[in-house]
Amino acid sequence: MVLTGILLAVYGNVIPKSVSRLSAKGEALERVTGWATVLSGIGYAAIWAFAPIEIAAVASMSAVVIGFVSVVGYCMWLRSILGQAERQSH
């Protein structure tokens, strides 16, 4: 299970480095997603490495869910900023 967390962290490190033709906001979203995935993967691996098995299953998934929720929250925040900018331009 530790290896799963390490692979998740490695994948998160690759996300913002992929070749993409996104806007500045899209690239910012990729960076936030990458950071959240790396931190979730490190947390997942660390929990499985050091926590008792009874706790590790729930705690490791909590680390991944927190990362996912942070990315969704950032998307919602970014969307509200874009919506405000659009409303002000009209």
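Leu7 is exposed, its relative accessible area being 53%; here exposed means over 50% relative accessible area, buried under 20%, and partly exposed in between, with a 1.4 Å probe and protein chains only. Leu7 sits in helix α1, which spans residues 2-14; helices are DSSP runs of H or I of at least four residues, strands are runs of E of at least two, and both are numbered from the N terminus. Together with Val2, Leu3, Ile6, Val10 and Val14, Leu7 makes a nonpolar surface patch of about 520 Å². Patches consist of residues with over 30% relative accessible area and no salt bridge, like charges being joined within 9 Å and nonpolar side chains (Val, Leu, Ile, Met, Phe, Trp, Tyr) within 5 Å. A salt bridge is a side-chain nitrogen of Lys or Arg within 4 Å of a carboxyl oxygen of Asp or Glu, and accessible areas come from the Shrake-Rupley method with a 1.4 Å probe, only the protein chains shown counting as cover for residues.

The model is predicted: local features need pLDDT of at least 70 and side-chain atom pairs pLDDT 80 or more, while totals for chains, interfaces and linings use all residues. Residues are numbered from 1 along each chain as its sequence is written, and side-chain values use heavy atoms, leaving out hydrogens and water. The mean pLDDT (the predictor's confidence in each residue, from 0 to 100) is 90 for the chain, with 94% of the residues at 70 or above.

Ser60 is buried, at 1% relative accessibility, and Ala56 is buried at 0%. A polar atom of the Ser60 side chain lies 2.7 Å from the backbone oxygen of Ala56. The side chains of Ser60 and Trp48 are joined by a polar contact of 2.9 Å; such a contact is a pair of N or O atoms within 3.5 Å in which, within protein, one must be able to donate a hydrogen and the other to accept it, residues adjacent in sequence counting only if both atoms are side-chain atoms. Beyond four places in sequence, Ser60 is in contact (heavy atoms within 4.5 Å) with Tyr44, Ile47 and Trp48.

Leaving aside residues up to four places away, Leu29 touches Tyr74, Cys75 and Leu78. Leu29 and Cys75 are 46 residues apart in sequence, with 7.3 Å between their C-alpha atoms.
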